[in-house]
Amino acid sequence: MTKLCLVAGGTGGHIFPALAFSEWLLASGTDVTLSFVCGSRPLEKEIYASRGIVPLRLPLSGSPFGVPGIGSRIFRWKETLSSFFVFRDFLRKEECDCCLLFGGYISFVPLLACHLGGIPIIMHEQNAVAGKVTRLAFRLKKRIASGWNECLPFAAGTFTPTGVPVRSFSPRDPKESWSRLGTGRDFPENQIIGVLGGSLMSERLIQLLSCVIRDEVLQKCTFLFLGASQQVQSGLFSGDHPENVLFVEKQWDMTDFFSVIDGAVARGGASTLSELMLWGIPAVVVPWKQAADNHQEKNAECFERLASGEIWREDEPLEFLKEKILHVLRKAQNVRKEFSEGDESERLWRLISSSIGREITNFG
């Protein structure tokens, strides 16, 4: 029996790959017990609860690095120290064989604790640019699994491309899914464009799209915005709500949303882009300019090479955004949706099992 600890927190971009990997492990019948660790942010608790999982929640609300203000830095370092002892006691109790880290601020403490305790570590980096904790893990000579075929600034051969584990999906009839989404409207006859701004929903992305969706050509399409708050909706469309714009609540199970859309406009989060590739949904990627080390731009470039993708950058003319949306909708008519069989998760598990000397050759 392998005891595996999965550490994932911050946003859905880190947590969903961990959940997808755990679901694959359980479905594959591997001889493994799982424990989950996250931070103290409410969103983290909400996402895990949607899967019926109660993780160990470390008393850590964010990274101690780069936070403004001496008081905030001192507070974060106190949280970090407290979290270290909480996690160390957890490791002693659980006797974990391996710790799989999915990056972000929450991975710093487990990385140090496992390193000092001699517990094998695999660092999974979803993005095409390694984050701060991943770079530290690399310097500590830990094995790095990457979501793409590049993981800057590491040279090829110094990391193992495994892909990003993606939640399993069983596509539904689009009209059935439309009804389940509860839009209050009849199923549209025109093409549907899904707008995904990440688990925190990008207000800026909605602002940019609000400038083009009234275009005469784009009014023939339906824009389905995922997860925007009532405040954002009313602020952008107060008194002048376009008929071709609809909003749906956050969906922790994306099956219905992906089943109805023909194309997408999305930020450059690795988890979102991986799911769009899985579904064969062409997309315009609008990288978030303030993403650390410009990693969303690099993710978008990988997506553009591997899938039916276009990139629009916020400093480009809005007319280009409209043209790119129309381009991906034309692609949508010829794209055939293909669903993987968990290859990403299998590659990741083989890396873990070889690292702890329990190479698995049969998945049933």
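Two strands count as paired here if DSSP finds at least two bridges between them. With that settled, I opened the notebook on this model, which is a predicted one.

**Entry 1: the sheet**

I started with the strand order. Six strands form an open sheet, and reading across I get β10-β9-β8-β11-β12-β13, with parallel pairing. Which strands stand at the edges? They are β10 (245-248) and β13 (309-311); each has a single partner strand, so one side of each is left without a neighbour in the sheet.

Next I zoomed in on one pair. Strand β11 (residues 263-266) and strand β12 (residues 283-285) run in the parallel sense and share three bridges. Here I found alanine 264 opposite alanine 283 of β12.

Then I checked what covers these strands. Helix α12 (residues 318-332) lies across β8 (192-196), β9 (222-226), β11, β12 and β13. Its direction is at about 175° to β13.

**Entry 2: α1 and α2**

I turned to the helix pair α1 (residues 12-28) and α2 (residues 42-50). Their packing angle is about 25° and their axes are 11 Å apart. Angles under 35 degrees count as roughly parallel, and α1 and α2 are therefore roughly parallel to each other. I noted the crossing of α1 past α2 as right-handed. Which residues meet? From α1 I listed Gly12, Ile15, Phe16 and Leu19, and from α2 Glu44, Ile47 and Tyr48. The residues of this contact of α1 with α2 divide into five nonpolar, one polar and one charged.

**Entry 3: α3 and α4**

On the α3 side I found Trp77, Thr80, Ser83, Phe84, Phe87 and Leu91 in the contact. Facing them from α4 are Phe108, Val109, Pro110, Leu112, Ala113, Cys114 and Leu116. The tally for α3 with α4 is eleven nonpolar, two polar and no charged residues.

**Entry 4: more on α4**

I stayed with α4 (residues 108-117) to see what is buried. Phe108, Val109, Pro110, Leu111, Ala113 and Cys114 are. What do these buried residues pack against? Their partners are β1 (2-7), α3 (70-94), β4 (98-101), β5 (121-125) and α5 (132-139).

Technical notes. Residues numbered from 1 in each chain as written. Predicted model: local features only at pLDDT ≥ 70, side-chain atom pairs only at ≥ 80, totals over all residues. Heavy atoms only, no water. Buried < 20%, exposed > 50% of the residue type's maximum accessible area, 1.4 Å probe, protein only. Helix = DSSP H or I, 4+ residues; strand = E, 2+ residues; numbered from the N terminus. Contact = heavy atoms within 4.5 Å. Axes fitted to C-alpha atoms, helices over the stretch in contact; angles between N-to-C directions. Parallel < 35°, antiparallel > 145°, perpendicular 65-115°, else oblique. Left-handed = near helix turned anticlockwise from the far one by under 90°. Nonpolar A, V, L, I, M, F, W, Y, C, P; charged D, E, K, R; others polar.
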